[in-house]
Amino acid sequence: MRLPLIAAATACSAVSEGPKGRAPHHSISDSGLADGPLVHQFSFAVVADPHVTGPGEHLDRLGRAVDWIHNHRDEHDLHFAVILGDICWGSGFALAHESLNDLTIPWVPVMGDNVIQTGGASTFHHTFSSQINRLRTQLDGFELAPTPVPNPERGGESWLQNIRFQYGDVQFLAADWNSRQVHAFWGQTPDLHNFDGGTWPWLEGELAAAVTAKQNSVVLLSHIPLFEGPGGLTEEEAEVAVELLAAHEQAIWANLAGHLHIDSSMTWERAGIEIHVTDATWDDANRVRVVDVSANNRRVAFDHWVVDVP
């Protein structure tokens, strides 16, 4: 399913590849003077939008991304992988789960909008429940927020997938912004789900409780990236988001996302966060993003680049 959100895609400046396949970037975390030398802690892999709907090329391309992560795990010190949405739907659930189970490091499944649009939210939850249970033993403080929850905006219940875990000095918060409106355009835009039990109150609570002794020690994960403008948050939603995120801008490094089917980076200046979008595995170049995490006694720093999977 190709996004019609051209305005959203062009709102992010595309990242060109630098030497050795690294994408140049300007990180908030790299600015200012450190109190001590930065020391490598760990690295992790980012995969986005496999779009597995059954046997075939999309599944094969996901398999090649999985193989690349396995084969380069030690080289890049990869400790876990995050799969940022639109993993599978239709007849692809079991196939995608089986392919991702070939990973020899923990992997975190994030729900995407296409699952909602095809009526598969509960199937996603139950398909990956075994992996969620496994992650509770593999990642510190791993927790999936209670789901389903009553959705007063859409009626009925919604299988929101909001996840938190800690690794090294970093708190990871995977937030479900996927709209529960089934619509060709509006169904692909972010929704804060700002109601009791929803994503926004969950994020407010997690940010308030996060251990943020070091600068840039929080990473937001999602399928749909957070941004304002066409294809993004409404003006009212953006004001709500800016108020919260700007209050925590010293703690939050970036929002890592997929959805747009391009590699891109931007800074949401008003919110004080970076946004890094990883290209889809299923379309054109099959890419994986590697994120290297270092820290000192004052701050966490991130280096990241995209790799073309053969």
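**A close look at asparagine 286**

Author: The side chain of asparagine 286 comes to 2.9 Å from the backbone oxygen of arginine 61. That is a polar contact, meaning a pair of N or O atoms within 3.5 Å; within protein, one must be able to donate a hydrogen and the other to accept it, and residues adjacent in sequence count only if both atoms are side-chain atoms. Before we go on, please keep in mind that this is a predicted model, where local features need pLDDT of at least 70 and side-chain atom pairs count only at pLDDT 80 or more, while totals for chains, interfaces and linings use all residues. Residues are numbered from 1 along each chain as its sequence is written, and side-chain values use heavy atoms, with hydrogens and water left out.

You will find asparagine 286 in the loop between β13 (273-277) and β14 (287-295). Helices (H or I, at least four residues) and strands (E, at least two) are DSSP runs, numbered from the N terminus. With a relative accessible area of 5%, asparagine 286 is buried; the word means under 20%, against over 50% for exposed and partly exposed in between (1.4 Å probe, protein chains only). Leaving out residues up to four places away in sequence, asparagine 286 touches Arg61, Arg64, Ala65, Thr281, Val307, Asp308 and Val309. Touching here is contact, that is, heavy atoms within 4.5 Å.

Now follow the chain to helix α2, which covers residues 57-71 and packs with helix α4 (residues 93-100). Two packed helices are described by the angle between their axes and the distance between the axes. For α2 and α4 the angle is about 20° and the axes are 9 Å apart. Axes are lines fitted to C-alpha atoms, for helices over the stretch in contact, and angles run from 0 to 180 degrees between N-to-C directions. On the α2 side, Leu59, Leu62, Gly63 and Val66 make the contact, and on the α4 side Leu95, Ala96, Ser99 and Leu100 do. By class, that gives six nonpolar, two polar and no charged residues. Nonpolar covers Ala, Val, Leu, Ile, Met, Phe, Trp, Tyr, Cys and Pro, charged covers Asp, Glu, Lys and Arg, and the others, Gly among them, are polar.

Another helix pair is α8 (residues 199-209) with α9 (residues 235-247), at an angle of about 10° and with axes 11 Å apart. This makes α8 and α9 roughly parallel. Here Trp200, Leu203, Glu204 and Leu207 of α8 meet Val240, Ala241, Leu244 and Leu245 of α9, a contact of seven nonpolar, no polar and one charged residues.

Finally, step back to the whole chain. Its secondary structure comes to nine helices and 15 strands, and 59% of its 310 residues count as buried.

Terms used
Angles under 35 degrees count as roughly parallel, over 145 as roughly antiparallel, 65 to 115 as roughly perpendicular and the rest as oblique.
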